[in-house]
Amino acid sequence: MNNIAVVILNWNGKKLLEEFLPFVIKYSGNAAIYVADNASTDESVTYVKSAFPQIKIIENIGNYGYAKGYNEALKQVDEEIYALVNSDIEVTENWLLPIADLFKKDQETAIIQPKILDYYKRDTFEYAGAAGGFLDKYGFPYCRGRIFETLEKDNGQYNDETEIFWASGACFFIRKNVFWELDGLDEDFFAHQEEIDLCWRAFNKNHKIKVCGSSHVYHVGGATLKNTNPKKTFLNFRNSLWMMTKNLPKGKLIPVLFIRLCFDGIAGLRFVFQGKFTHLWAVLKAHFYFYTCLFKFLNKRESKQYKNYYKTKSIVYNYFIIGKKNFNNSL
């Protein structure tokens with residue numbers, strides 16, 4: 001495991017580092033451990049330097065968010081495999097071993113995600129990634145173990161090693177050469193769904209993405225930005241449209257985007273009926289930013305996009321109309 005770098009991105013997360021960094025140190029063997037700090041104004045850096053002098057610290061000069069924060073930090077990491085780990089992740093004993101073995105035995109696999117469980121409900125999958133992610137035809141993300149807000153219990157049903165479409169930014173591993181072949185994370189995203197964009201671009205270059213069910217971690221979730229925060233709504237809606245503009249196959253770009261925009265309109269009306277007017281404004285603002293940056297993201301399109309990017313046509317229809325809320329019966 002000496003070719004793995006565990007890189008924890010931090011911004012004003014001293015309390016999280018106090019709680020979770022000891023687990024990373026205890027259970028990561030001889031992997032290198034880095035804390036990449038996004039110009040925190042709390043005592044995060046001072047704490048790590050004094051409590052864990054063996055940890056390597058990378059200090060970014062600004063709060064660059066997830067995408068640029070990692071891009072800048074990883075330029076200073078030499079190990080062959082990057083493990084991008086949120087500061088609110090509790091790792092477990094031997095969490096690295098099965099992932100290291102999978103990378104070793106399958107050279108075509110570029111990205112791997114462990115199984116992600118809920119920190120508070122430890123027998124339940126966590127929203128951000130669960131047991132590996134997919135997209136439907138209209139770009140809505142869902143996971144093995146999580147469809148929209150419905151979370152499955154972990155009964156060992158996803159303890160396998162299998163291909164997925166995207167790995168969660170909460171905790172995933174990527175080969176260094178692949179990360180830089182893809183030019184890293186898209187810094188325009190700032191935060192949210194940039195890992196799906198990265199995986200989609202990897203998929204279009206024939207790289208395999210897998211989940212390793214014999215490795216698991218626990219995720220607090222929402223430690224930096226809670227689901228109730230309209231900024232999170234804005235980032236998710238805006239970034240999803242940008243991601244689709246970059247990666248949808250040529251023949252599907254206009255029709256799929258049009259239908260997705262209609263879905264977003266329905267979501268906005270739902271926020272009205274729920275009295276969540278700040279979230280409605282977040283959706284409207286996301287669409288404004290999408291249109292103003294449309295040509296910029298059209299210019300980011302690669303020459304090759306594969307048509308078989310989705311596993312099911314409409315997870316929205318299956319979930320809200322038919323009532324299929326479990327991954328195994330939703331396809």
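Where is the place of Gln-157? Gln-157 lies in the loop between strand E10 (150-151) and strand E11. Helices (H or I, at least four residues) and strands (E, at least two) are DSSP runs, numbered from the N terminus. This is a predicted model: local features need pLDDT of at least 70, side-chain atom pairs count only at pLDDT 80 or more, and totals for chains, interfaces and linings use all residues. Residues are numbered from 1 along each chain as its sequence is written, and side-chain values use heavy atoms, with hydrogens and water left out.

**Gln-157**
- Gln-157 is partly exposed, at a relative accessible area of 29%. Buried means under 20% relative accessible area, exposed over 50%, and partly exposed in between (1.4 Å probe, protein chains only).
- Setting aside neighbours within four places in sequence, Gln-157 is in contact with Phe-125 and Glu-152. Contact means heavy atoms within 4.5 Å.
- Leu-185 is 28 residues from Gln-157 along the chain, and their C-alpha atoms are separated by 31 Å.

**Overall build**
- The protein chain has 11 helices and 13 strands.
- Along the principal axes, the C-alpha atoms fill a box of roughly 55 × 40 × 40 Å.
- Of contacts between residues at least 6 apart in sequence, 76% join residues at least 24 apart.

**Burial and surface**
- Buried residues make up 56% of the 331 residues.
- The protein chain exposes about 14800 Å², and carbon and sulfur atoms supply 53% of it. Accessible areas come from the Shrake-Rupley method with a 1.4 Å probe; for residues, only the protein chains shown count as cover.

**Helix H4**
- Helix H4 (residues 97-105) has these buried residues: Pro-98, Ile-99, Ala-100, Leu-102 and Phe-103.
- Their cover includes strands E1 (4-10), E4 (81-86), E6 (109-118), E11 (161-163), E12 (171-175) and E13 (208-219).

**Cysteines**
- The structure holds zero disulfides. A disulfide is a pair of cysteine sulfur atoms within 2.5 Å.
- Cys-262 is partly exposed, with a relative accessible area of 39%.
- Cys-293 is buried, with a relative accessible area of 19%.

**Charges**
- The mean positions of the 42 positive and 36 negative charges are 7 Å apart.
- Lys and Arg count as positive, Asp and Glu as negative; His and the chain ends are not counted. Each charge is placed at NZ of Lys, CZ of Arg, CG of Asp or CD of Glu.
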